[in-house]
Amino acid sequence: MTKWLKFGAVPLLSVSLLAACGGSDGENGGSSEGVESETTSETIGSGEIELVFWEFGNTGYDKLIEEYVEENPDISINLQNSDMNDMHDNLFTSISADTGAPDIALVEEAQIERYRTAEDSFNNLYDLGAGDVQEDFLDWVWHNGENADGDFVFGLPTDIGPTVMFYRTDVFEEAGFDSSPEAVSELIPTWDAYEEVALQIYEETGKLMTDAGELIYNARRDQASEQYFNTDEELIMDDHPEIREAYDYTADFFDQDLAGDIPLWTPEWFAGMDDGSYATMLAPAWMQGVIKDNSPEEGIWSITTMPEGAGNWGGSFLTIPSETEHAEEAYDFISWLTAPEQQLKSFQDYGLFPSTPAVYEMPEFIDYEDPYFGGIPTAQVFSEAAQQVIPVYKGRNYYAVDDVMKEAIDNVSAGDDRDEEWEASLDTIDRILAR
Amino acid sequence: MQSDPRNRPKGNREKRRTALSAYFFVSPFFLLFLIFGLFPMLFSFYLAFFRWDGLGEMTYVGLANFEFIFNDPVFYSSILNTFIIGLLGTLPQIVFAILIAFALNSALIKFRNTFRTIIFLPYITSVVAVAIIFGVVFNNQPFGFVNYILSLFEVDPIRWNAEYWPVKIAIATMVFWRWVGYNTIIFLAGMQSIPKELYEAAKIDGATISQQIRLVTLPMLKPITLFVVFTATIGSLQLFTEPLIFLGRNLREEGITMVAYLWRDAFVYNSFGTASAAAIALFFIIIVLTVINLLITSRLGRSKKVG
């Protein structure tokens with residue numbers, strides 16, 4: 001009887017875990033499969049002009065908005081939060097139908113590609129004065145929010161996702177390594193070294209280097225100078241080696257049993273962060289909130305540089321759909337929200353990494369030491385990574401292609417032949433692009 | 001009743017007014033249907049001949065969208081999946097529903113009303129919740145619920161959301177679990193309309209329970225069974241939420257259904273033209289199935305009169 005009770009408890013526990021994690025996984029690029037999140041809505045302030053603001057994930061913007069409406073009593077802001085995919089689908093539908101769009105919408109970096117053909121549906125922020133603040137932002141992020149000609153800017157960048165290597169100090173020590181960030185950074189300067197260390201950790205402790213092949217693939221993909229498409233929207237995967245290298249490198253890890261095959265954002269994946277079954281996690285700045293939520297003990301996880309430079313995964317833009325009647329008020333608000341002072345607060349409270357380099361010079365930022373990550377100055381690690389990022393053109397079919405690659409990696413992790421999977425994926429991608 | 005003043009013959013004018021007010025009262029349905037039913041349907045037919053990403057320009061491409069989907073192996077997989085999952089999900093369901101309904105209908109079971117409520121509960125559960133729970137039950141990991149049970153019989157863990165048959169079995173199980181109670185209640189209602197005397201007569205003749213089911217219950221339930229089969233057919237053709245939540249937005253080829261296919265074309269690939277073409281193909285598939293259903297019904301109806 002007790003045995004049967006245990007069976008019942010496993011799914012129940014996983015479900016409650018899933019529910020607990022639902023809130024944090026939507027932020028930037030996290031595909032929250034299987035999690036249906038509700039839309040929450042609250043109006044802050046009691047001003048005459050109400051701005052409707054659609055956002056997703058855990059931004060903590062409600063706190064900042066309270067500050068803003070205190071200084072601007074004629075404005076009130078109706079903040080509506082929903083699941084990332086739902087929010088973008090709703091925005092897409094309302095823009096396509098020319099009705100129902102909000103005054104301000106948070107758009108994820110890769111999702112912005114979907115709206116590129118819809119310049120008419122957004123306010124050109126250059127017309128509202130965005131040229132004046134352009135200098136404040138990292139160059140490459142700014143250009144991601146522009147059209148191809150560079151005379152139309154869709155949104156102001158809110159945050160970015162420079163990638164670093166999170167690692168477990170306990171597993172590294174168990175394997176006989178010095179676990180300080182400097183030592184680990186020196187130990188793993190290249191991807192070859194990463195693989196060697198993975199082998200050693202596996203021999204010494206029996207633990208995996210990483211839980212999901214997807215993270216290795218993402219890390220290498222995001223370091224590539226070009227990814228799936230060139231700026232003419234032509235697929236370049238076939239004659240451009242970097243993606244294939246990322247794919248093969250990931251497959252090597254599976255061949256040697258150095259990576260688990262647990263998909264991201266599943267309950268097991270969240271649980272794995274806490275129980276130390278894997279040593280590293282190649283992830284962007286915003287992942288620190290997810291790690292903290294799922295592995296509450298301090299001083300276990302630490303942060304260091306990723307082998308061979310950094311990439312960028314995620315980040316968002318604040319856009320103003322042209323349907324709004326209050327474009328100027330909306331612009332005033334979003335330019336305030338993305339100003340360095342506010343970005344510093346978003347970083348301190350929610351780990352959103354600033355897109356304005358001015359913050360990187362601020363003493364509060366440089367001196368910020370996170371006790372959770374062993375009291376190291378995490379901000380410096382991230383800002384170093386942020387400045388190494390090479391801008392990449394993603395293209396409008398980025399997500400569709402990336403999903404196909406994720407499926408291929410998943411199949412390879414289950415033992416399918418990597419070359420066959422690669423060919424099959426290219427066929428699938430061709431069919432998607434022919435639509 | 002001739003003397004009733006309300007029924008006296010009316011003048012032409014009054015007749016017209018009555019007719020007008022009648023149309024007025026039924027108009028809300030037709031107006032709503034025009035806006036939310038007919039217009040989208042016709043627009044979908046129109047869209048099928050265009051290439052459109054939902055935001056930019058529409059370009060006329062003739063039959064290219066149809067050519068595309070008819071050359072897409074995934075489209076055929078989606079049709080096949082829909083039928084396989086439909087059969088796996090509904091056939092056992094109907095058998096079980098009849099058996100459960102028979103048990104609930106018999107005088108042997110205590111707390112019958114409680115059981116009826118319990119058996120109906122899955123139907124009112126949100127599909128999303130069902131899909132999430134089953135996502136945990138059919139987990140790929142060795143410690144997933146079903147995989148763990150299988151491991152007791154020394155079966156290797158199964159990748160429930162990626163392999164050909166497991167995906168279909170998992171989704172069909174969700175369908176089974178959610179609808180079996182609904183159909184049980186329908187069958188139960190049908191069984192209660194069967195005269196008790198028939199069972200008494202059967203018992204007196206020495207019929208066993210299985211003979212009672214086979215020779216009394218089933219033949220008397222024929223119209224109910226037809227109704228259940230039709231609703232189940234329609235339900236399986238519309239299967240969408242379960243695969244979507246179970247497989248995620250990418251919807252692997254092993255588990256994609258027809259509606260999921262056209263949804264993915266429209267909202268993941270932003271290709272509203274091919275999605276509309278798929279919708280039209282689905283429309284014709286449904287017409288064919290309806291005709292087959294009608295033929296079977298009329299045949300069964302006739303045999304009933306003869307027999």
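Modeller: I begin with residue classes: Ala, Val, Leu, Ile, Met, Phe, Trp, Tyr, Cys and Pro count as nonpolar, Asp, Glu, Lys and Arg as charged, and the others, Gly among them, as polar. By these classes, the lining of the second largest cavity has 5 nonpolar, 2 polar and 3 charged residues. This is a predicted model, in which local features need pLDDT of at least 70 and side-chain atom pairs count only at pLDDT 80 or more, while totals for chains, interfaces and linings use all residues. Residues are numbered from 1 along each chain as its sequence is written, chains are lettered from A and ligands numbered from 1 in the order in which they are written, and side-chain values use heavy atoms, without hydrogens and water.

Biologist: What makes a space a cavity, and which residues line the second largest cavity?

Modeller: On a 1 Å grid over the protein atoms alone, a cavity is a set of points where a 1.4 Å probe fits but cannot get out, whereas a pocket is an open set with protein on both sides within 12 Å along at least five of seven lines; lining residues have an atom within 4 Å of a point. Among those lining the second largest cavity are A:Glu109, A:Trp140, A:Asp222 and A:Lys394. Its volume, about 60 Å³, is the space filled by probe spheres set on the points, which are joined across faces, edges and corners.

Biologist: What is the make-up of the lining of the largest pocket?

Modeller: That lining has 21 nonpolar, 5 polar and no charged residues. The largest pocket has a volume of about 780 Å³, and B:Phe43 and B:Phe272 are among the residues that lie nearest its centre.

Biologist: Why is the pair A:Arg431 and B:Asp72 called a salt bridge?

Modeller: The term requires a side-chain nitrogen of Lys or Arg within 4 Å of a carboxyl oxygen of Asp or Glu. The N to O distance between A:Arg431 and B:Asp72 is 2.8 Å, so the pair qualifies. Between chain A and chain B the count is 7 salt bridges.

Biologist: How many residues does each chain give to the contact?

Modeller: With contact taken as heavy atoms within 4.5 Å, chain A gives 35 residues and chain B gives 35 residues.
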